[in-house]
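Biologist: Hi, I have just been handed a structure that is new to me. Could you walk me through some of its side chains?
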Amino acid sequence: MSLMNGTNFDHTKLSALQKVTLRAVVMSFLFFGLVAIEGMIMRLVSTQSIDPLPTMFNHPAHYFSIMTVHPIVGIFGSTYQLVFAAFMFLVPYLTKKPLYSVKLANAVWLLITIGTALAWIAAFVWQYAPLYTLYWPLPADTKQFKVIGGIVFIVGVALIMLGTLGFIYNIYATIFARVGVHKNKTTKELLISGFGIDGMLNLFNKLRGKPPYTKEPALALPVVAIFRGTVDTFLDALVILGAGILVLVYLIFDASGHALNVAAIDALLYKNFFWWGLDLVADGLVLIYVAGSWYLLATLITGQKLFMENVARAALMLELLVSWMVWSHHLLADQGQPEMMKLISGEMVTAFELLTQGLALFITLVTLWKARPLKMTPPLAYLLGGLSGFGLAVPAAIIQADMGMNRVLHNTQWIIFAHVHIALIVGLYMTLYSAVYVLWPLVTNNTTLWSKKLTWAHFWLYLIGGIGMGAFAGMAGLEGMLRRHLYVHGEFNTYMILAAICGTMILVAWALFLFNIVMSVGVKGLIGIFLPAKDNIATYPSDLDIEK
(Lines give C-alpha, C1' and ligand atoms only; values in the text may rest on other atoms or scores of the structure.)
Protein backbone atom coordinates (compact mmCIF):
# COMPACT_ATOMS: atom_id res chain seq x y z
CA MET A 1 0.00 0.00 0.00
CA SER A 2 1.78 3.15 -1.20
CA LEU A 3 1.45 6.38 -3.13
CA MET A 4 2.80 4.71 -6.28
CA ASN A 5 0.90 1.41 -6.11
CA GLY A 6 -2.28 2.27 -4.18
CA THR A 7 -4.21 -0.41 -2.29
CA ASN A 8 -5.29 -3.30 -4.55
CA PHE A 9 -6.10 -1.38 -7.77
CA ASP A 10 -4.97 -3.06 -11.02
CA HIS A 11 -5.54 -0.98 -14.14
CA THR A 12 -4.53 -3.89 -16.41
CA LYS A 13 -7.71 -5.76 -15.45
CA LEU A 14 -10.06 -2.89 -16.28
CA SER A 15 -12.37 -3.22 -19.27
CA ALA A 16 -12.62 -0.50 -21.91
CA LEU A 17 -15.92 0.67 -20.37
CA GLN A 18 -14.37 0.96 -16.91
CA LYS A 19 -11.38 2.89 -18.22
CA VAL A 20 -13.38 5.41 -20.23
CA THR A 21 -15.61 5.98 -17.20
CA LEU A 22 -12.65 6.64 -14.93
CA ARG A 23 -10.96 8.94 -17.46
CA ALA A 24 -13.97 11.24 -17.50
CA VAL A 25 -14.21 11.10 -13.68
CA VAL A 26 -10.54 12.11 -13.29
CA MET A 27 -10.95 15.09 -15.64
CA SER A 28 -14.17 16.08 -13.86
CA PHE A 29 -12.48 16.36 -10.47
CA LEU A 30 -9.45 18.16 -11.89
CA PHE A 31 -11.77 20.79 -13.36
CA PHE A 32 -13.63 20.93 -10.04
CA GLY A 33 -10.35 21.85 -8.35
CA LEU A 34 -9.74 24.57 -10.93
CA VAL A 35 -13.20 26.04 -10.49
CA ALA A 36 -12.85 25.92 -6.69
CA ILE A 37 -9.55 27.83 -6.89
CA GLU A 38 -11.12 30.35 -9.29
CA GLY A 39 -13.99 30.83 -6.86
CA MET A 40 -11.59 31.56 -4.03
CA ILE A 41 -9.70 34.08 -6.18
CA MET A 42 -12.98 35.90 -6.87
CA ARG A 43 -13.83 35.88 -3.16
CA LEU A 44 -10.42 37.42 -2.38
CA VAL A 45 -10.77 40.07 -5.07
CA SER A 46 -14.34 40.99 -4.13
CA THR A 47 -13.43 41.41 -0.43
CA GLN A 48 -10.26 43.49 -0.80
CA SER A 49 -10.34 46.96 0.74
CA ILE A 50 -6.92 48.54 1.29
CA ASP A 51 -4.13 46.14 0.37
CA PRO A 52 -4.42 45.22 -3.33
CA LEU A 53 -3.83 41.72 -4.58
CA PRO A 54 -1.20 41.03 -7.26
CA THR A 55 -1.93 42.96 -10.47
CA MET A 56 -2.89 39.87 -12.47
CA PHE A 57 -5.78 39.11 -10.10
CA ASN A 58 -6.57 42.70 -9.13
CA HIS A 59 -7.40 43.98 -12.62
CA PRO A 60 -11.17 44.17 -13.24
CA ALA A 61 -10.79 42.73 -16.75
CA HIS A 62 -9.24 39.58 -15.32
CA TYR A 63 -11.86 39.38 -12.57
CA PHE A 64 -14.71 39.45 -15.08
CA SER A 65 -12.96 37.01 -17.40
CA ILE A 66 -12.77 34.53 -14.49
CA MET A 67 -16.44 35.20 -13.78
CA THR A 68 -17.22 34.41 -17.43
CA VAL A 69 -15.39 31.09 -17.62
CA HIS A 70 -16.11 29.99 -14.02
CA PRO A 71 -19.52 28.42 -14.81
CA ILE A 72 -18.20 26.97 -18.09
CA VAL A 73 -15.49 25.07 -16.22
CA GLY A 74 -17.80 24.12 -13.34
CA ILE A 75 -20.92 23.10 -15.26
CA PHE A 76 -19.49 21.65 -18.46
CA GLY A 77 -15.90 20.73 -17.64
CA SER A 78 -16.70 19.20 -14.26
CA THR A 79 -20.41 18.42 -13.81
CA TYR A 80 -21.13 17.29 -17.38
CA GLN A 81 -18.07 15.02 -17.35
CA LEU A 82 -19.09 13.35 -14.09
CA VAL A 83 -22.76 12.95 -15.06
CA PHE A 84 -21.91 11.64 -18.52
CA ALA A 85 -19.33 9.20 -17.09
CA ALA A 86 -21.83 7.84 -14.57
CA PHE A 87 -24.61 7.43 -17.13
CA MET A 88 -22.45 5.90 -19.87
CA PHE A 89 -21.58 3.26 -17.27
CA LEU A 90 -25.02 2.93 -15.67
CA VAL A 91 -27.06 2.51 -18.85
CA PRO A 92 -25.20 -0.70 -19.82
CA TYR A 93 -25.38 -1.86 -16.19
CA LEU A 94 -29.12 -1.23 -15.84
CA THR A 95 -30.10 -2.51 -19.29
CA LYS A 96 -27.65 -5.47 -19.28
CA LYS A 97 -26.49 -4.36 -22.74
CA PRO A 98 -23.11 -3.17 -24.05
CA LEU A 99 -22.47 0.53 -24.53
CA TYR A 100 -22.99 1.37 -28.19
CA SER A 101 -19.45 2.73 -28.70
CA VAL A 102 -16.49 2.99 -26.33
CA LYS A 103 -14.63 4.98 -29.02
CA LEU A 104 -17.41 7.55 -29.03
CA ALA A 105 -17.33 7.65 -25.21
CA ASN A 106 -13.60 8.44 -25.38
CA ALA A 107 -14.29 11.16 -27.93
CA VAL A 108 -16.90 12.68 -25.58
CA TRP A 109 -14.55 13.23 -22.64
CA LEU A 110 -11.77 14.44 -24.94
CA LEU A 111 -14.01 16.96 -26.71
CA ILE A 112 -15.40 18.33 -23.45
CA THR A 113 -11.94 18.48 -21.88
CA ILE A 114 -10.36 20.26 -24.86
CA GLY A 115 -13.36 22.58 -25.26
CA THR A 116 -13.31 23.58 -21.59
CA ALA A 117 -9.56 24.17 -21.74
CA LEU A 118 -9.94 26.43 -24.80
CA ALA A 119 -12.69 28.47 -23.13
CA TRP A 120 -10.50 28.85 -20.03
CA ILE A 121 -7.48 29.89 -22.12
CA ALA A 122 -9.57 32.53 -23.93
CA ALA A 123 -10.54 34.03 -20.58
CA PHE A 124 -7.11 33.77 -18.96
CA VAL A 125 -4.92 34.85 -21.89
CA TRP A 126 -7.15 37.26 -23.85
CA GLN A 127 -9.53 38.13 -20.98
CA TYR A 128 -12.63 37.49 -23.06
CA ALA A 129 -15.36 38.42 -20.59
CA PRO A 130 -18.91 38.81 -21.94
CA LEU A 131 -20.15 37.09 -18.73
CA TYR A 132 -21.72 33.64 -18.79
CA THR A 133 -25.09 34.88 -20.08
CA LEU A 134 -23.53 35.98 -23.39
CA TYR A 135 -26.31 38.55 -23.91
CA TRP A 136 -26.38 40.00 -27.38
CA PRO A 137 -24.42 41.89 -28.68
CA LEU A 138 -21.84 41.58 -25.86
CA PRO A 139 -20.22 38.30 -27.04
CA ALA A 140 -19.73 39.78 -30.53
CA ASP A 141 -18.35 43.09 -29.22
CA THR A 142 -14.82 43.49 -30.60
CA LYS A 143 -14.31 46.95 -29.12
CA GLN A 144 -14.13 45.60 -25.57
CA PHE A 145 -12.75 42.14 -26.36
CA LYS A 146 -10.13 40.81 -28.76
CA VAL A 147 -11.46 38.86 -31.72
CA ILE A 148 -9.04 35.99 -31.19
CA GLY A 149 -10.22 35.59 -27.60
CA GLY A 150 -13.84 35.42 -28.70
CA ILE A 151 -13.10 32.90 -31.46
CA VAL A 152 -11.12 30.59 -29.14
CA PHE A 153 -13.86 30.82 -26.48
CA ILE A 154 -16.69 30.03 -28.90
CA VAL A 155 -14.76 27.19 -30.55
CA GLY A 156 -14.23 25.75 -27.06
CA VAL A 157 -17.95 25.94 -26.26
CA ALA A 158 -18.76 24.39 -29.66
CA LEU A 159 -16.47 21.43 -28.91
CA ILE A 160 -18.23 20.94 -25.57
CA MET A 161 -21.59 20.86 -27.33
CA LEU A 162 -20.32 18.41 -29.96
CA GLY A 163 -19.11 16.17 -27.16
CA THR A 164 -22.54 16.47 -25.55
CA LEU A 165 -24.24 15.42 -28.78
CA GLY A 166 -21.87 12.44 -28.93
CA PHE A 167 -22.94 11.43 -25.42
CA ILE A 168 -26.61 11.70 -26.38
CA TYR A 169 -26.16 9.53 -29.47
CA ASN A 170 -24.27 6.91 -27.46
CA ILE A 171 -26.96 6.76 -24.77
CA TYR A 172 -29.89 6.52 -27.17
CA ALA A 173 -28.14 4.01 -29.42
CA THR A 174 -27.56 1.84 -26.34
CA ILE A 175 -31.12 2.17 -25.00
CA PHE A 176 -32.77 1.44 -28.35
CA ALA A 177 -30.49 -1.47 -29.26
CA ARG A 178 -32.77 -4.52 -29.40
CA VAL A 179 -30.39 -6.98 -27.79
CA GLY A 180 -30.33 -8.78 -24.45
CA VAL A 181 -33.39 -8.00 -22.31
CA HIS A 182 -34.73 -5.74 -25.07
CA LYS A 183 -34.32 -8.26 -27.86
CA ASN A 184 -38.08 -8.70 -28.24
CA LYS A 185 -39.04 -5.10 -27.46
CA THR A 186 -40.20 -2.75 -30.19
CA THR A 187 -39.02 0.83 -30.62
CA LYS A 188 -42.56 1.93 -29.76
CA GLU A 189 -42.47 0.07 -26.42
CA LEU A 190 -39.09 1.58 -25.55
CA LEU A 191 -40.31 5.08 -26.44
CA ILE A 192 -43.49 4.71 -24.39
CA SER A 193 -41.45 3.58 -21.41
CA GLY A 194 -38.74 6.19 -21.98
CA PHE A 195 -41.23 9.05 -21.84
CA GLY A 196 -43.03 7.56 -18.82
CA ILE A 197 -46.29 7.12 -20.68
CA ASP A 198 -46.60 3.58 -19.30
CA GLY A 199 -46.52 5.00 -15.77
CA MET A 200 -49.30 7.46 -16.60
CA LEU A 201 -51.39 4.69 -18.18
CA ASN A 202 -50.88 2.49 -15.11
CA LEU A 203 -52.14 5.31 -12.88
CA PHE A 204 -55.09 5.97 -15.20
CA ASN A 205 -56.08 2.29 -15.29
CA LYS A 206 -55.80 2.05 -11.50
CA LEU A 207 -58.23 4.97 -11.11
CA ARG A 208 -60.67 3.19 -13.45
CA GLY A 209 -60.28 -0.12 -11.61
CA LYS A 210 -58.65 -1.84 -14.57
CA PRO A 211 -55.48 -4.00 -14.72
CA PRO A 212 -52.21 -2.08 -15.14
CA TYR A 213 -51.08 -1.21 -18.66
CA THR A 214 -47.84 -3.05 -17.95
CA LYS A 215 -46.51 -4.81 -14.86
CA GLU A 216 -42.92 -4.78 -16.15
CA PRO A 217 -42.04 -1.51 -17.92
CA ALA A 218 -39.54 -1.87 -20.76
CA LEU A 219 -37.07 0.49 -19.08
CA ALA A 220 -36.03 0.72 -15.44
CA LEU A 221 -36.98 3.99 -13.74
CA PRO A 222 -33.40 5.38 -13.57
CA VAL A 223 -33.00 4.70 -17.30
CA VAL A 224 -36.28 6.58 -17.86
CA ALA A 225 -34.79 9.57 -16.01
CA ILE A 226 -31.60 9.37 -18.07
CA PHE A 227 -33.66 9.07 -21.27
CA ARG A 228 -35.84 12.03 -20.37
CA GLY A 229 -33.08 14.28 -19.07
CA THR A 230 -31.11 13.62 -22.23
CA VAL A 231 -33.98 15.12 -24.25
CA ASP A 232 -33.30 18.44 -22.51
CA THR A 233 -29.55 17.91 -22.92
CA PHE A 234 -30.09 17.58 -26.67
CA LEU A 235 -32.20 20.73 -26.93
CA ASP A 236 -29.75 22.66 -24.75
CA ALA A 237 -26.78 21.56 -26.89
CA LEU A 238 -28.54 22.68 -30.08
CA VAL A 239 -29.43 26.10 -28.67
CA ILE A 240 -25.98 26.86 -27.23
CA LEU A 241 -24.27 25.50 -30.34
CA GLY A 242 -26.57 27.63 -32.53
CA ALA A 243 -25.88 30.76 -30.46
CA GLY A 244 -22.16 30.01 -30.60
CA ILE A 245 -22.19 29.66 -34.39
CA LEU A 246 -23.99 33.01 -34.66
CA VAL A 247 -21.36 34.73 -32.50
CA LEU A 248 -18.57 33.00 -34.40
CA VAL A 249 -19.92 34.24 -37.74
CA TYR A 250 -19.90 37.83 -36.47
CA LEU A 251 -16.37 37.48 -35.07
CA ILE A 252 -14.98 35.97 -38.27
CA PHE A 253 -16.56 38.70 -40.42
CA ASP A 254 -15.15 41.31 -38.06
CA ALA A 255 -11.68 39.75 -38.28
CA SER A 256 -11.89 39.81 -42.09
CA GLY A 257 -12.59 43.55 -42.10
CA HIS A 258 -16.26 43.23 -43.07
CA ALA A 259 -18.05 43.72 -39.76
CA LEU A 260 -21.74 42.79 -39.70
CA ASN A 261 -24.42 44.95 -38.13
CA VAL A 262 -25.16 43.62 -34.63
CA ALA A 263 -28.50 45.43 -34.66
CA ALA A 264 -29.70 42.93 -37.28
CA ILE A 265 -30.24 40.48 -34.39
CA ASP A 266 -33.09 41.31 -32.02
CA ALA A 267 -31.48 41.37 -28.58
CA LEU A 268 -34.65 40.39 -26.67
CA LEU A 269 -35.46 37.53 -29.05
CA TYR A 270 -31.86 36.30 -28.74
CA LYS A 271 -32.08 36.54 -24.94
CA ASN A 272 -35.26 34.43 -24.87
CA PHE A 273 -33.78 31.86 -27.25
CA PHE A 274 -30.55 31.65 -25.28
CA TRP A 275 -32.25 31.37 -21.88
CA TRP A 276 -34.70 28.77 -23.18
CA GLY A 277 -31.73 26.57 -24.03
CA LEU A 278 -29.55 27.44 -21.05
CA ASP A 279 -32.37 26.96 -18.55
CA LEU A 280 -32.80 23.40 -19.82
CA VAL A 281 -29.45 22.65 -18.13
CA ALA A 282 -30.79 23.59 -14.70
CA ASP A 283 -34.56 23.22 -14.72
CA GLY A 284 -34.68 20.24 -17.05
CA LEU A 285 -31.48 18.30 -17.29
CA VAL A 286 -30.28 18.69 -13.69
CA LEU A 287 -33.63 18.20 -11.97
CA ILE A 288 -34.58 15.15 -14.06
CA TYR A 289 -31.14 13.56 -13.89
CA VAL A 290 -30.95 14.19 -10.15
CA ALA A 291 -34.42 12.77 -9.48
CA GLY A 292 -33.48 9.62 -11.41
CA SER A 293 -30.21 9.37 -9.49
CA TRP A 294 -32.07 9.69 -6.17
CA TYR A 295 -34.43 6.88 -7.16
CA LEU A 296 -31.58 4.61 -8.21
CA LEU A 297 -29.46 5.33 -5.14
CA ALA A 298 -32.41 4.88 -2.78
CA THR A 299 -33.23 1.44 -4.22
CA LEU A 300 -29.59 0.32 -4.29
CA ILE A 301 -28.87 1.50 -0.74
CA THR A 302 -32.05 -0.03 0.72
CA GLY A 303 -32.54 -3.01 -1.58
CA GLN A 304 -36.24 -2.06 -1.60
CA LYS A 305 -38.66 -1.25 -4.40
CA LEU A 306 -39.17 2.47 -4.97
CA PHE A 307 -42.18 3.97 -3.21
CA MET A 308 -44.90 5.18 -5.66
CA GLU A 309 -42.93 4.13 -8.75
CA ASN A 310 -45.73 4.86 -11.24
CA VAL A 311 -46.16 8.34 -9.78
CA ALA A 312 -42.41 8.86 -10.07
CA ARG A 313 -42.50 7.87 -13.75
CA ALA A 314 -45.39 10.23 -14.43
CA ALA A 315 -43.74 13.06 -12.48
CA LEU A 316 -40.61 12.77 -14.63
CA MET A 317 -42.79 13.28 -17.71
CA LEU A 318 -44.42 16.33 -16.10
CA GLU A 319 -40.98 17.75 -15.21
CA LEU A 320 -39.88 17.36 -18.84
CA LEU A 321 -42.87 19.37 -20.07
CA VAL A 322 -42.48 21.98 -17.33
CA SER A 323 -38.77 22.39 -18.10
CA TRP A 324 -39.59 23.55 -21.64
CA MET A 325 -41.78 26.40 -20.43
CA VAL A 326 -40.12 28.03 -17.43
CA TRP A 327 -37.20 29.99 -18.90
CA SER A 328 -38.91 33.36 -18.50
CA HIS A 329 -38.27 33.39 -14.74
CA HIS A 330 -34.78 34.59 -15.71
CA LEU A 331 -36.33 37.60 -17.44
CA LEU A 332 -38.91 38.72 -14.86
CA ALA A 333 -37.07 42.00 -14.28
CA ASP A 334 -36.47 42.61 -17.99
CA GLN A 335 -38.53 45.65 -19.03
CA GLY A 336 -38.88 44.45 -22.63
CA GLN A 337 -40.20 41.00 -21.74
CA PRO A 338 -43.99 40.64 -22.38
CA GLU A 339 -45.95 40.69 -19.11
CA MET A 340 -48.04 37.62 -19.98
CA MET A 341 -44.87 35.62 -20.63
CA LYS A 342 -43.55 36.69 -17.24
CA LEU A 343 -46.82 35.73 -15.55
CA ILE A 344 -47.40 32.36 -17.25
CA SER A 345 -43.87 31.08 -17.87
CA GLY A 346 -41.98 32.97 -15.18
CA GLU A 347 -44.42 32.59 -12.30
CA MET A 348 -47.19 30.04 -12.85
CA VAL A 349 -45.36 27.24 -14.69
CA THR A 350 -42.17 27.71 -12.70
CA ALA A 351 -44.13 27.06 -9.49
CA PHE A 352 -44.72 23.50 -10.71
CA GLU A 353 -41.02 22.78 -10.23
CA LEU A 354 -41.51 23.04 -6.49
CA LEU A 355 -44.13 20.30 -6.86
CA THR A 356 -42.16 17.99 -9.17
CA GLN A 357 -38.85 18.24 -7.28
CA GLY A 358 -40.64 18.13 -3.92
CA LEU A 359 -42.39 14.94 -5.04
CA ALA A 360 -39.06 13.38 -6.04
CA LEU A 361 -37.59 14.30 -2.65
CA PHE A 362 -40.64 12.89 -0.85
CA ILE A 363 -40.58 9.59 -2.78
CA THR A 364 -36.87 9.15 -2.09
CA LEU A 365 -37.19 9.89 1.65
CA VAL A 366 -40.18 7.56 2.08
CA THR A 367 -38.28 4.78 0.28
CA LEU A 368 -35.41 5.25 2.74
CA TRP A 369 -37.79 5.51 5.72
CA LYS A 370 -39.63 2.28 4.84
CA ALA A 371 -36.29 0.41 4.76
CA ARG A 372 -35.15 1.46 8.23
CA PRO A 373 -33.07 0.64 10.17
CA LEU A 374 -30.30 1.72 7.80
CA LYS A 375 -26.60 1.94 8.50
CA MET A 376 -25.18 5.42 7.90
CA THR A 377 -22.72 4.65 5.09
CA PRO A 378 -20.97 7.25 2.86
CA PRO A 379 -23.40 6.65 -0.05
CA LEU A 380 -26.41 7.21 2.25
CA ALA A 381 -24.84 10.25 3.92
CA TYR A 382 -24.01 11.90 0.59
CA LEU A 383 -27.50 11.10 -0.74
CA LEU A 384 -29.05 12.82 2.29
CA GLY A 385 -26.67 15.74 1.73
CA GLY A 386 -27.83 16.00 -1.89
CA LEU A 387 -31.47 15.93 -0.80
CA SER A 388 -30.73 18.69 1.72
CA GLY A 389 -29.02 20.81 -0.93
CA PHE A 390 -32.03 20.80 -3.22
CA GLY A 391 -34.34 21.17 -0.23
CA LEU A 392 -32.62 24.51 0.39
CA ALA A 393 -31.90 25.64 -3.16
CA VAL A 394 -35.24 25.01 -4.87
CA PRO A 395 -37.33 27.13 -2.42
CA ALA A 396 -34.63 29.84 -2.62
CA ALA A 397 -35.29 29.97 -6.35
CA ILE A 398 -39.09 29.77 -6.18
CA ILE A 399 -39.08 32.82 -3.89
CA GLN A 400 -37.79 34.78 -6.88
CA ALA A 401 -40.36 33.41 -9.32
CA ASP A 402 -42.47 36.42 -8.47
CA MET A 403 -42.21 39.70 -10.35
CA GLY A 404 -42.02 41.73 -7.15
CA MET A 405 -39.47 39.60 -5.28
CA ASN A 406 -37.48 39.13 -8.45
CA ARG A 407 -36.83 42.88 -8.71
CA VAL A 408 -35.33 42.77 -5.21
CA LEU A 409 -33.35 39.53 -5.31
CA HIS A 410 -32.51 38.36 -8.82
CA ASN A 411 -29.55 40.62 -9.55
CA THR A 412 -27.99 40.05 -6.13
CA GLN A 413 -25.68 37.41 -4.69
CA TRP A 414 -28.79 35.72 -3.28
CA ILE A 415 -29.62 34.06 -6.59
CA ILE A 416 -26.07 33.05 -7.42
CA PHE A 417 -25.24 31.63 -3.98
CA ALA A 418 -28.35 30.77 -1.96
CA HIS A 419 -29.80 29.16 -5.09
CA VAL A 420 -27.21 28.29 -7.76
CA HIS A 421 -24.17 27.41 -5.64
CA ILE A 422 -26.14 25.41 -3.07
CA ALA A 423 -28.05 23.61 -5.85
CA LEU A 424 -24.88 22.65 -7.71
CA ILE A 425 -22.26 22.29 -4.99
CA VAL A 426 -24.46 20.70 -2.33
CA GLY A 427 -27.52 19.32 -4.15
CA LEU A 428 -26.05 18.03 -7.40
CA TYR A 429 -22.50 17.24 -6.38
CA MET A 430 -23.34 15.44 -3.13
CA THR A 431 -25.78 13.30 -5.12
CA LEU A 432 -22.96 12.57 -7.57
CA TYR A 433 -20.54 11.77 -4.73
CA SER A 434 -23.09 9.24 -3.47
CA ALA A 435 -23.12 7.69 -6.94
CA VAL A 436 -19.31 7.68 -7.02
CA TYR A 437 -19.13 5.71 -3.77
CA VAL A 438 -21.89 3.31 -4.85
CA LEU A 439 -20.25 2.65 -8.22
CA TRP A 440 -16.67 2.61 -6.89
CA PRO A 441 -16.47 -1.20 -6.35
CA LEU A 442 -18.01 -1.85 -9.76
CA VAL A 443 -15.85 0.54 -11.76
CA THR A 444 -12.56 -0.29 -9.99
CA ASN A 445 -13.00 -4.08 -9.50
CA ASN A 446 -13.53 -3.81 -5.74
CA THR A 447 -10.58 -1.55 -5.01
CA THR A 448 -10.28 -0.77 -1.31
CA LEU A 449 -10.49 2.91 -0.39
CA TRP A 450 -7.33 4.05 1.38
CA SER A 451 -9.05 5.86 4.27
CA LYS A 452 -12.64 5.85 5.51
CA LYS A 453 -11.76 8.67 7.91
CA LEU A 454 -10.85 10.92 4.96
CA THR A 455 -14.17 9.99 3.33
CA TRP A 456 -16.07 11.29 6.36
CA ALA A 457 -13.81 14.32 6.76
CA HIS A 458 -14.54 15.18 3.12
CA PHE A 459 -18.28 14.77 3.74
CA TRP A 460 -18.52 17.11 6.73
CA LEU A 461 -16.16 19.77 5.36
CA TYR A 462 -17.97 19.74 2.02
CA LEU A 463 -21.50 19.82 3.46
CA ILE A 464 -20.83 22.57 6.01
CA GLY A 465 -18.67 24.54 3.59
CA GLY A 466 -21.18 24.32 0.73
CA ILE A 467 -24.21 25.34 2.77
CA GLY A 468 -22.22 27.96 4.71
CA MET A 469 -20.79 29.63 1.60
CA GLY A 470 -24.21 29.77 -0.04
CA ALA A 471 -25.85 31.09 3.12
CA PHE A 472 -23.32 33.83 3.98
CA ALA A 473 -22.95 35.12 0.42
CA GLY A 474 -26.74 34.89 0.06
CA MET A 475 -27.10 37.07 3.18
CA ALA A 476 -24.82 39.62 1.53
CA GLY A 477 -27.26 39.56 -1.37
CA LEU A 478 -30.15 40.27 0.99
CA GLU A 479 -28.17 43.30 2.20
CA GLY A 480 -27.89 44.54 -1.39
CA MET A 481 -24.66 43.00 -2.73
CA LEU A 482 -25.06 42.77 -6.50
CA ARG A 483 -23.76 39.90 -8.59
CA ARG A 484 -21.43 40.65 -11.52
CA HIS A 485 -20.17 43.65 -9.58
CA LEU A 486 -16.68 44.26 -8.18
CA TYR A 487 -16.60 45.77 -4.69
CA VAL A 488 -13.25 47.29 -3.71
CA HIS A 489 -14.02 49.15 -0.49
CA GLY A 490 -14.96 46.25 1.77
CA GLU A 491 -18.69 47.01 1.76
CA PHE A 492 -19.70 43.40 2.47
CA ASN A 493 -16.48 42.10 3.99
CA THR A 494 -18.02 40.37 7.00
CA TYR A 495 -20.36 38.17 4.95
CA MET A 496 -17.86 37.54 2.19
CA ILE A 497 -15.00 36.65 4.52
CA LEU A 498 -17.28 34.11 6.21
CA ALA A 499 -18.25 32.83 2.76
CA ALA A 500 -14.56 32.63 1.84
CA ILE A 501 -13.83 30.57 4.97
CA CYS A 502 -16.59 28.14 3.98
CA GLY A 503 -15.28 28.12 0.41
CA THR A 504 -11.88 27.16 1.79
CA MET A 505 -13.55 24.22 3.53
CA ILE A 506 -14.83 23.05 0.13
CA LEU A 507 -11.35 23.39 -1.36
CA VAL A 508 -9.79 21.43 1.51
CA ALA A 509 -12.52 18.78 1.20
CA TRP A 510 -11.72 18.40 -2.50
CA ALA A 511 -8.00 18.03 -1.70
CA LEU A 512 -8.75 15.32 0.89
CA PHE A 513 -11.03 13.46 -1.53
CA LEU A 514 -8.45 13.63 -4.31
CA PHE A 515 -5.67 12.47 -1.97
CA ASN A 516 -7.81 9.55 -0.80
CA ILE A 517 -8.54 8.47 -4.38
CA VAL A 518 -4.90 8.80 -5.50
CA MET A 519 -3.72 6.79 -2.49
CA SER A 520 -6.31 4.14 -3.38
CA VAL A 521 -5.43 3.71 -7.06
CA GLY A 522 -1.80 4.84 -6.83
CA VAL A 523 0.10 7.07 -9.24
CA LYS A 524 0.82 4.08 -11.49
CA GLY A 525 -2.86 3.18 -11.52
CA LEU A 526 -3.85 6.78 -12.25
CA ILE A 527 -1.55 6.82 -15.27
CA GLY A 528 -2.75 3.36 -16.26
CA ILE A 529 -6.34 4.58 -16.48
CA PHE A 530 -5.33 6.59 -19.54
CA LEU A 531 -3.46 3.68 -21.18
CA PRO A 532 -5.34 1.54 -23.75
CA ALA A 533 -7.44 -1.30 -22.35
CA LYS A 534 -6.43 -4.85 -23.18
CA ASP A 535 -9.90 -5.57 -24.48
CA ASN A 536 -12.78 -3.65 -25.99
CA ILE A 537 -15.44 -4.87 -23.57
CA ALA A 538 -18.27 -2.33 -23.42
CA THR A 539 -20.32 -3.96 -20.67
CA TYR A 540 -20.14 -3.95 -16.87
CA PRO A 541 -18.18 -6.75 -15.17
CA SER A 542 -20.62 -9.65 -14.76
CA ASP A 543 -18.78 -11.05 -11.75
CA LEU A 544 -19.26 -7.85 -9.75
CA ASP A 545 -22.37 -6.27 -8.38
CA ILE A 546 -23.22 -2.91 -6.81
CA GLU A 547 -24.84 -4.52 -3.79
CA LYS A 548 -21.52 -6.13 -2.85
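This is a predicted model: local features need pLDDT of at least 70, side-chain atom pairs count only at pLDDT 80 or more; totals for chains, interfaces and linings use all residues.

Biologist: Let's start with the rings, then. How many aromatic pairs does a search of the whole structure find?
Modeller: The search of the whole structure comes up with 34 aromatic pairs. One of them joins Trp 136 and Tyr 250, whose ring centres are 4.9 Å apart with the planes at 80°.

Biologist: What kind of pair is that, and why?
Modeller: It is edge-to-face, because the planes of Trp 136 and Tyr 250 stand at 80° and an angle over 60 degrees counts as edge-to-face.

Biologist: Where do the two partners, Trp 136 and Tyr 250, sit in the chain?
Modeller: Trp 136 is in the loop between α4 (102–126) and α5 (147–175), while Tyr 250 belongs to helix α8, so that the pair links distant parts of the chain, 114 residues apart.

Biologist: Are Trp 136 and Tyr 250 buried or exposed?
Modeller: Both Trp 136 and Tyr 250 are buried.

Biologist: Which rings are linked into a cluster?
Modeller: Ring pairs connect a set of residues into a cluster, among them Phe 29, Phe 32, Tyr 382, Trp 456, Trp 460 and Phe 513.

Biologist: And which lysines lie over the face of a ring?
Modeller: Lys 96 lies over the face of Tyr 93, at 5.5 Å from the ring centre, and Lys 271 lies over the face of Tyr 135, at 4.5 Å from the ring centre.

Biologist: Switching to charges, how many salt bridges are there?
Modeller: The count comes to four salt bridges. Glu 309 takes part in one with Lys 305, where the closest N and O atoms are 3.1 Å apart, and in another with Arg 313, where the closest N and O atoms are also 3.1 Å apart.

Biologist: How far apart in the helix are Glu 309 and Arg 313?
Modeller: They are four residues apart in helix α10 (residues 309–323), which is about one turn of the helix.

Biologist: Are Lys 305 and Arg 313 buried or exposed?
Modeller: Lys 305 is exposed, at a relative accessible area of 65%, whereas Arg 313 counts as buried because its relative accessibility is 1%, and buried means under 20%.

Biologist: What about Lys 342, which residue does it form a salt bridge with?
Modeller: Its partner is Glu 339, with the closest N and O atoms 3.3 Å apart. Lys 342 and Glu 339 are three residues apart in helix α11 (residues 339–370), about one turn of the helix. Lys 342 is buried, with a relative accessible area of 1%, while Glu 339 is partly exposed at 47%.

Biologist: Now the surface: which residues make the nonpolar patch?
Modeller: Ile 245, Val 249, Phe 253 and Leu 260 make a nonpolar surface patch of about 310 Å². Val 249 is found in helix α8 (residues 221–255), and this residue is partly exposed, with a relative accessible area of 34%.

Biologist: Last one, where is Phe 530, and what does it touch?
Modeller: Phe 530 is in the segment after α16 (493–529) and is partly exposed, with a relative accessible area of 34%. Leaving aside residues up to four places away in sequence, Phe 530 touches Arg 23, Val 26, Met 27 and Trp 109. The C-alpha atoms of Phe 530 and Pro 212, in contrast, are separated by 48 Å, and these two residues are 318 residues apart along the chain.

Methods: Residues are numbered from 1 along each chain as its sequence is written. Side-chain values use heavy atoms; hydrogens and water are left out. Patches are made of residues with over 30% relative accessible area and no salt bridge: like charges are joined within 9 Å, nonpolar side chains (Val, Leu, Ile, Met, Phe, Trp, Tyr) within 5 Å. Accessible areas come from the Shrake-Rupley method with a 1.4 Å probe; for residues, only the protein chains shown count as cover. A salt bridge is a side-chain nitrogen of Lys or Arg within 4 Å of a carboxyl oxygen of Asp or Glu. Helices (H or I, at least four residues) and strands (E, at least two) are DSSP runs, numbered from the N terminus. Buried means under 20% relative accessible area, exposed over 50%, partly exposed in between (1.4 Å probe, protein chains only). Rings of Phe, Tyr and Trp (its six-membered ring) pair if their centres lie within 6.5 Å; planes under 30 degrees apart count as stacked, over 60 as edge-to-face and the rest as tilted. A charge sits over a ring if NZ of Lys or CZ of Arg is within 6 Å of the ring centre and within 35 degrees of the ring normal. Contact means heavy atoms within 4.5 Å.
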